Amino acid sequence: MALITEFHPLEADKLLELSAQRCKDGWRLVQILGTNTENGVDLTYSFMKDNVIENFCIPSVKPEDPIPSVTGDFLVAFVFENEINELFGLSIQNIAIDFGGKLYRKSMDKPFTIISPEQKAAREKAAKAKAAAEAAAKAAAAKKAAAASAPKDPEAERAALEEKIKNMPPEAAAKVRAAMEAKAKREAAEAGKAGE
Amino acid sequence: MSNATVIPFGPQHPVLPEPLHLDLVVQDETVVEAIPQIGYVHRGLERLVETRDYHQFIYVAERICGICAFGHSYGYAETIEKLLKVEVPERAQYLRVIWHELSRIHSHILWMGLAADAFGFESLFMHCWRLRERVLDIFERTTGGRVILSVCRVGGVARDIEASELAHIKDVLDGIKDEYNQLCKAFLEDTSVKNRLVGIGYISKEDAHAMGMVGPFLRASGVNYDCRILGNGAYGKLDYEPIISNDGDCYARVKVRALEVVQSIEMIEQAIATIPDGDVIVPVKHNPEDGAEACNVLEQPRGECFYYAKGNGTKNLERMRMRTPTAANVAGMTVALKGCDLADVNMIVLTIDPCISCMER
């Protein structure tokens with residue numbers, strides 16, 4: 001039986017209800033992880049039963065947001081919750097075994113919330129690449145729409161094509177002309193069918 | 001009326017291969033409570049994913065722990081391949097299984113040696129580690145490394161194993177079997193060994209499941225769960241049943257690991273007999289999409305290891321997370337220690353096969 005993985009969003013106030021239900025239904029808590037983002041820490045809880053892993057993400061948790069502990073249902077969570085409190089500076093409350101910030105020996109506070117210059121540069125690069133891709137897609141869509149809506153002038157198109165291919169080798173130019181004529185015939189045939 | 005005393009166990013202790021501290025609350029000679037404390041080898045390795053691209057991070061992943069080195073590189077590579085939707089060649093999948101099962105054999109035999117040393121059977125410890133050397137020699141012949149193999153890559157494996165080398169591996173494993181069976185006899189039938197292990201550190205099936213335990217520690221309490229049955233990679237093509245014991249004590253944990261070595265040898269022989277020809281790696285050059293997530297599980301020698309990766313559109317990952325088996329077994333360990341004799345603490349701690357480097361990363 002193949003592994004099935006699912007990702008779902010979750011609200012913080014639904015966490016205890018979800019945890020209790022999963023415990024009752026025989027699911028296992030696999031892990032809890034934090035991911036540092038610019039809006040806070042994304043907390044992901046992973047539950048597993050048989051061959052299914054369900055991951056529930058509480059997005060953008062701030063240090064002042066109280067998150068309830070799930071150690072009442074899953075004692076194994078105490079390791080992960082203590083780790084998250086220490087490394088990310090969150091406030092997961094009522095942990096069954098609470099190390100009070102002394103789980104790891106650290107040289108700085110909340111080390112996993114520090115965005116390194118490399119990570120910052122990577123995020124900016126990703127944001128720029130995304131924006132450029134979106135702009136290119138938008139421009140391409142606009143060009144396509146303009147071409148579709150503009151009235152067709154066959155003579156002008158033929159003149160523009162001749163201008164483009166005048167410096168090409170004769171054989172290549174002949175191929176291009178033949179392809180354009182075939183395209184024009186095909187479009188005329190389709191226009192005729194549409195008219196019928 | 002007896003008073004409770006707190007006795008510190010670790011972080012330096014003759015029986016512990018790695019630093020782990022336990023505050024043992026003891027009344028007379030009975031442990032009432034055990035409070036673990038970790039953090040002595042936390043290196044923050046997960047954050048290195050920000051400064052190493054996803055190809056380079058595999059070298060960091062395999063250095064999380066020396067015993068589970070290949071396992072971590074395998075699990076990490078599989079997770080990234082899921083994230084990037086890369087299809088690994090079949091031959092590479094078989095090679096990964098062969099190396100991973102060899103890792104399981106060497107890890108279990110290493111552990112059996114440590115357990116023998118813990119209950120005072122030094123010559124058995126020496127024999128176990130001498131036998132383990134034959135497996136490390138296979139690693140050196142096929143990859144160039146004895147402990148850190150550096151052979152797994154995103155997209156496949158870096159080296160092939162020729163037919164003559166596969167035949168050599170089979171010969172070595174055939175040679176190991178007889179000696180190994182004699183060692184098993186000492187572990188499983190010797191009266192003095194049984195006196196130290198039978199009935200000690202019992203965990204029920206219900207508690208094992210409730211505590212989220214994994215690996216041989218879980219299967220020794222009768223829970224039938226082994227990630228290899230999910231059929232990732234070439235595991236789906238091999239014939240195999242998890243080894244289970246219903247006794248739930250230290251002896252059951254030793255028995256499960258001892259039998260798993262024999263099972264791993266059989267799995268390697270199956271893999272060698274059925275390995276297909278073909279490429280061992282595909283080039284992987286594209287980056288994960290921004291916001292793409294993937295997770296994966298792998299049955300390492302100590303149990304299920306969970307991997308999570310998130311991409312951000314660049315060659316560096318946004319987040320990489322490895323939840324190792326020892327982190328899942330710590331809660332179970334505290335339950336197993338409750339009510340035991342002080343003299344049995346080191347055996348119980350050892351039988352969960354703790355790997356603190358893995359747990360803390």
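How many residues from chain A and from chain B does the contact take? In this predicted model, 48 residues come from chain A and 44 residues from chain B.

**Interface**

Together the two chains bury about 3800 Å², and carbon and sulfur atoms account for 61% of that area. On the chain A side, 16% of the area buried against chain B is supplied by A:Arg28, A:Arg105 and A:Phe112, more than by any other three residues.

The interface of chain A and chain B holds four salt bridges. A:Arg28 and B:Glu304 meet through their side chains in a salt bridge, with an N to O distance of 2.5 Å. Between chain A and chain B, 10 residue pairs are in polar contact, both residues being at pLDDT 80 or more. Elements giving two or more residues to the side of chain A that touches chain B include β2 (28-37), β3 (40-49) and α3 (117-149) of chain A. The largest share of that side, eight residues, is from β2(A).

**Aromatic rings**

Over all chains there are nine aromatic pairs. B:Phe125 and B:Trp129 are edge-to-face because their ring planes stand at 65 degrees, with the centres 5.3 Å apart; the cut-off for this class is over 60 degrees. Both residues lie in helix α4 (residues 122-143) of chain B, four residues apart, so about one helical turn separates them. B:Phe125 counts as buried at 16% relative accessibility, whereas B:Trp129 is partly exposed at 29%. In chain A, one aromatic cluster is formed by A:Phe47, A:Phe56 and A:Phe74.

Two arginines lie over ring faces, as listed below.

| Arginine | Ring | Distance from ring centre |
|---|---|---|
| B:Arg47 | A:Phe112 | 6.0 Å |
| B:Arg257 | B:Trp111 | 4.4 Å |

Definitions and conventions:
Residues numbered from 1 in each chain as written. Chains lettered and ligands numbered in written order. Predicted model: local features only at pLDDT ≥ 70, side-chain atom pairs only at ≥ 80, totals over all residues. Heavy atoms only, no water. Phe/Tyr/Trp six-rings, centres within 6.5 Å; stacked < 30°, edge-to-face > 60°. Buried < 20%, exposed > 50% of the residue type's maximum accessible area, 1.4 Å probe, protein only. Lys NZ or Arg CZ within 6 Å of the ring centre and 35° of its normal. Contact = heavy atoms within 4.5 Å. Buried area = accessible area lost by both parts, 1.4 Å probe. Polar contact = N/O pair within 3.5 Å; in protein donor to acceptor, adjacent residues only side chain to side chain.
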